[in-house]
Amino acid sequence: MKTRSKRLAFFAILSALVLSLCFVFMACGESGESGGTTQTEVTITKLSVRINASNKTTYYKGESFDASLTVLRADYSDGSVRHFLPEREEGCTMTPAVFAAGDDSVTFTFGGQSATIDDITVIDADVTSLTVNTKATGTSIPVDTRADFRDLIVNVSFDDNSAKTADADEYKFYLDGAEADVKNFTVSKAGTHKAQVEFAGIRSAEFTITAYEGFVIEAENIYETEDVRPGEKNFVELITATNWPGKDGGSGSGATTNNIAPGPVLSTNSAGVMDEPASDGAYLGELQKGAVIEFHIYSDVARSAHLVLRASSGQIETPSASSEWVPVKMADMKFSDLFSISYGAASASSLTPITTDAVLPGGSTDDPNGDQTLWVNWQDVDFGVIPLVQGDNIVRFEVTSNLVHNNGTNQTAACNIDRLQVEYVTEDVA
């Protein structure tokens with residue numbers, strides 16, 4: 001009986017406490033007409049849009065507004081303000097979703113309020129052809145590795161005789177029939193895969209992407225010896241080179257044509273960032289005769305690998321009048337005339353030579369101001385299949401030429417390097 005009395009007393013006290021709390025909360029609310037309480041609702045009172053100076057305002061019919069640089073501002077009834085990107089905000093809509101002839105604005109709607117961007121120009125022209133050039137990107141990628149194909153060159157022609165090169169934000173990318181993020185996608189199955197791009201509702205012809213078991217070492221991953229982190233695998237290392245002396249055997253000061261003064265072995269804009277896609281500016285810079293570059297390839301078992309290097313000519317034949325580094329014409333460059341190539345275990349006392357007849361073709365432009373893209377006319381230099389030992393392997397490139405730019409600067413000319421593709425030979429994979 002005592003135990004039951006104690007329980008009844010406890011529940012009585014608990015009930016009183018709950019009722020008192022309810023009273024407190026009711027007192028804090030606002031009384032309605034019926035004597036009840038309501039919560040104060042915060043609503044959006046105004047929606048406005050901030051136009052970035054880089055916002056694109058001219059479109060072809062069938063295109064969608066590029067909202068990647070657009071910021072919306074929501075003013076709330078409680079005085080608070082919030083800025084957000086419409087593309088990332090659930091419930092935010094854009095009208096029209098696709099431009100038609102005659103459209104001259106785009107409107108964003110969110111939280112019952114709207115904001116409009118005026119002065120949009122829509123060109124009334126139909127797409128007549130859509131072509132994709134994969135030269136800058138390459139079409140081989142490792143399985144289960146982030147791929148970035150923003151460097152696809154998508155050329156669009158219209159029935160008004162106009163043409164344009166579409167940016168990655170202007171077209172849709174499809175892989176095996178499903179829409180994918182051209183900036184960040186992966187393929188989980190080795191083999192060939194079909195890809196397309198779509199612009200203004202028109203799809204290109206299919207092109208093939210090949211996925212393989214292996215990996216890529218990017219040119220951005222170039223380390224000087226002291227910067228290689230302990231335990232690092234699959235990287236590029238610049239070995240300290242012997243500077244090329246002048247023709248007279250002296251220090252090389254007062255350089256003339258084919259006579260480069262000693263200086264930095266490597267001058268590069270590479271950021272040294274692992275696993276980032278190479279940019280158009282991926283190049284080695286001024287590598288003098290005697291410079292050595294080593295790609296370190298780690299294998300957990302003894303196996304074979306197919307090696308392909310993406311590279312382009314780095315020799316300016318004719319510079320533009322406005323800039324000594326913007327080419328009007330690039331020279332052909334035979335790879336084996338610039339480098340001696342060899343491979344083997346990193347611990348080996350001698351390496352096995354690799355021979356190649358690959359030529360990195362030059363190029364030219366009719367534009368007297370030159371064309372920077374001539375620097376990145378990427379070609380695949382195929383070194384065939386080589387054996388890998390278990391552990392650290394190296395592929396060594398030694399500069400053997402005193403090649404210089406014919407641009408009045410007397411700077412050494414090394415080829416531009418994008419990446420080394422390491423593709424495991426399937427039957428050798430344990």
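Let's start at Asn161, which is found in the loop between E13 and strand E14 (163–166). Strands here are DSSP runs of E with at least two residues, and helices are runs of H or I with at least four, both numbered from the N terminus. Before going on, a bit of bookkeeping: this is a predicted model, where local features need pLDDT of at least 70 and side-chain atom pairs count only at pLDDT 80 or more, while totals for chains, interfaces and linings use all residues. Residues are numbered from 1 along each chain as its sequence is written, and side-chain values use heavy atoms, with hydrogens and water left out.

Back to the backbone. Most residues other than glycine have a negative phi, and most peptide bonds are trans. Asn161 has a positive phi of about 70° although it is not a glycine. At 76% relative accessibility, Asn161 counts as exposed; the cut-offs are under 20% relative accessible area for buried, over 50% for exposed and partly exposed in between, with a 1.4 Å probe and protein chains only. Asp144 also has a positive phi, near 55°, and sits in the loop between strand E12 (140–142) and strand E13 (153–158). With 56% relative accessibility, Asp144 is exposed. Then there is the cis peptide bond between Thr95 and Pro96, with omega about 0°. Pro96 belongs to the loop between strand E7 (93–95) and strand E8 (106–110).

Next, the charges. Side chains of opposite charge can pair when their charged atoms come close. The structure holds 16 salt bridges, each a side-chain nitrogen of Lys or Arg within 4 Å of a carboxyl oxygen of Asp or Glu. In one of them, Asp148 and Arg146 meet at 3.8 Å, N to O. Asp148 is buried at 15% relative accessible area, whereas Arg146, at 40%, counts as partly exposed. Glu63 pairs with Lys56, their closest N and O atoms 3.2 Å apart, and Glu63 is buried at 4% relative accessibility. Lys164 and Glu170 form a salt bridge at 2.9 Å, and both residues are buried. Shared partners link Lys56, Glu63, Lys164 and Glu170 into one salt-bridge network.

Three strands make up an open, antiparallel sheet in the order E25-E26-E31, where pairing takes at least two DSSP bridges between two strands. E25 (316–319) and E31 (363–364) are the edge strands with a single partner each, so one side of each has no neighbour in the sheet. E25 pairs with E26 (residues 327–330) over three bridges, and Thr318 stands opposite Lys329 in E26.

Beyond its neighbours within four places in sequence, Phe335 is in contact (heavy atoms within 4.5 Å) with residues including Leu309, Val381, Phe397 and Cys415. Cys415 is buried at 0% relative accessibility, and Cys92 is buried at 16%. A search of the whole structure finds zero disulfides, that is, pairs of cysteine sulfur atoms within 2.5 Å.
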